[in-house]
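Hi everyone, thanks for making time. Could we get the sequence and the model up on the screen, please?

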Amino acid sequence: MFACESTAKIRISTSGRNCQIAWTLLYDEVVVVLEGTFKVLTKDGLLVGEKGDVLWLPDGTELQYEGDNAFIFYAVQPGNWKEVHGIENP
């Protein structure tokens, strides 16, 4: 049985300033940049996505997301990653 993928569209903007979010992925993630510039800093270097670009980020990647008025679509697999890792919703 396969879990459904979790997907969402989000806008990353802080009144024209850059937004930065540090995280270690607990799932595989695909990001599609719909608007703006979306950057992902990893130990292996910087990925820069602009409108139309697709980024694939594997499970376990330590990263920092950075957006400059970015609007992205993302999907993760497995969709039940919180359950898999024993994380409860607040």
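Before I point at anything: strands here, labelled E, are DSSP runs of at least two residues, numbered from the N terminus, and two strands pair if DSSP finds at least two bridges between them. This is a predicted model, so local features need pLDDT of at least 70 and side-chain atom pairs count only at pLDDT 80 or more, while totals for chains, interfaces and linings use all residues. Residues are numbered from 1 along each chain as its sequence is written, and side-chain values use heavy atoms, leaving out hydrogens and water.

Okay, let's look at Glu29, in strand E3, residues 28–42. Which residue stands opposite Glu29 in E5? That's Leu57. E5 covers residues 54–57 and runs antiparallel to E3, with four bridges joining them.

E3 has other partners too. Strand E6, residues 62–77, is antiparallel to E3 and joined by 13 bridges; there, Asp28 sits opposite Gln77.

What does its side chain make a polar contact with? The side chain of Tyr65, at 2.6 Å; a polar contact is a pair of N or O atoms within 3.5 Å, where, within protein, one must be able to donate a hydrogen and the other to accept it, and residues adjacent in sequence count only if both atoms are side-chain atoms.
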